[in-house]
Amino acid sequence: HYTTKEAVFHICLLQDDYIPSHVSLSVNKDCSRTSDKLIVNSVRIPPEDRKEFGVCIQTPLYGKETVQNVYEFIEIHKILGVDIFTIYSQINRKDFTDGLKVYKDENILDYLEWPTTFKRDNILHYYGEVLTIHDCLYRNMYRVKYLALVDLDEVIVPSRYYTWNEMINSLMDSSTILINGFVFNNVNIVQSKTLDSAVMQRGLCSDIAVPKYLTRLTRYACDYQAPRRSKVIVIPERVTHLDIHAICYLKDYHKKMVSSDVGMLFHYRNGVPVDCKNRTIISANQMLRYE
């Protein structure tokens, strides 16, 4: 993905249901030169006991990111019906470790340290993002039914439903093919706050900062068509590998492109992307239903 190096899959075929405890890589055929042994993490939860939705923040957190943004992200996604969160982070500040403890104690957050050797302009795309995507995919493969992969400043917003469960069920019910995931087109939410929003008018939460989801209620008219800036919700066990913005092909399965009247990816980025050509401002107040 726009870099000189790629992540590589080494696939080992297993006999029956045997699961090894460790694995190593060899540079020759007689295994005389091998890498360090890596522990195999195998999580196989029966389908009836799996959580419904998980979310991965696919770009590792870095720099001066605020814990408040993480709070807002987790809480809006809990409202949407998410059960488990996986976050990769290069931040080891006390406000993060202490502030996110409540979610760890609830067993809904995996907060994983990410090597600081991965940089913005690394040989592996953007802080090694392609690695976090696949780590998160396989980490959650047998513990959630559906897995969303987005960034901290993004939310997949149903257009005509309240929760993801309602939205995904409608998409599954209307499909006649085997689906392995859903692709949502990106729209850019305007950076300036909509001061006349319903929340502001009634003076709600006057003593605290109102989440951006309830104050940024317009968007630019430029619509990106997947895979340009799109993000996905996948059925993990039906996917082997992913792109940053797309689901890679797998025999017998098909991805479903989601129309904007069913759901969209709201991107709360700062500034206007250079590739946003139509900068007419239009309404995007779907989030007010969650106030």
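**Entry 1. A surface patch**

I began with Leu13, which lies in the segment before strand 1 (22-23); helices (H or I, at least four residues) and strands (E, at least two) are DSSP runs, numbered from the N terminus. The model is predicted, so I kept to its limits: local features need pLDDT of at least 70, side-chain atom pairs count only at pLDDT 80 or more, and totals for chains, interfaces and linings use all residues. Residues are numbered from 1 along each chain as its sequence is written, and side-chain values use heavy atoms, with hydrogens and water left out.

I looked up the accessibility of Leu13 and found it exposed, at 82% relative accessibility. Here buried means under 20% relative accessible area, exposed over 50%, and partly exposed in between (1.4 Å probe, protein chains only). Leu13 forms a nonpolar patch on the surface with Phe9, Ile11 and Tyr138, and together they have about 510 Å² of accessible area. Patches are made of residues with over 30% relative accessible area and no salt bridge, like charges being joined within 9 Å and nonpolar side chains (Val, Leu, Ile, Met, Phe, Trp, Tyr) within 5 Å. A salt bridge is a side-chain nitrogen of Lys or Arg within 4 Å of a carboxyl oxygen of Asp or Glu. The areas come from the Shrake-Rupley method with a 1.4 Å probe; for residues, only the protein chains shown count as cover.

**Entry 2. Disulfides**

I next searched for disulfides, each a pair of cysteine sulfur atoms within 2.5 Å, and the count came to 2. Cys56 is joined to Cys136, with an S to S distance of 1.8 Å. The torsion about the S-S bond of Cys56 and Cys136 is about -90°, so I recorded this disulfide as left-handed. Cys56 lies in strand 3 and Cys136 in helix 4, so the pair ties together parts that are 80 residues apart in sequence. I found both Cys56 and Cys136 buried.

The sulfur atoms of Cys222 and Cys276 are 1.9 Å apart and form a disulfide. Its torsion about the S-S bond is also about -90°, so the Cys222 and Cys276 disulfide is left-handed. Cys222 is in the loop between strand 10 and strand 11 (231-234) and Cys276 in the loop between strand 13 and strand 14, so parts 54 residues apart in sequence are tied together. Cys222 and Cys276 are both buried.

With the bonded cysteines numbered in sequence order, I noted the pairing as 1-2, 3-4. Cys248 is in no disulfide, and the nearest cysteine sulfur, that of Cys56, is 15 Å away. Cys248 is partly exposed, with a relative accessible area of 22%.

**Entry 3. Aromatic rings**

I then listed aromatic pairs and found 10. Rings of Phe, Tyr and Trp (its six-membered ring) pair if their centres lie within 6.5 Å; planes under 30 degrees apart count as stacked, over 60 as edge-to-face and the rest as tilted.

Tyr62 and Tyr126 are edge-to-face, at 6.4 Å centre to centre with 90° between the planes. Tyr62 is in the loop between strand 3 (51-61) and helix 1 (67-80) and Tyr126 in helix 4 (residues 125-139), so the pair ties together parts that are 64 residues apart in sequence. Tyr62 is partly exposed at 27% relative accessibility, and Tyr126 is partly exposed at 23%.

The rings of Tyr213 and Tyr268 have centres 5.2 Å apart and planes at 85°, so this pair is edge-to-face. I found both Tyr213 and Tyr268 buried. I also noted one aromatic cluster formed by Phe53, Tyr146 and Trp164.
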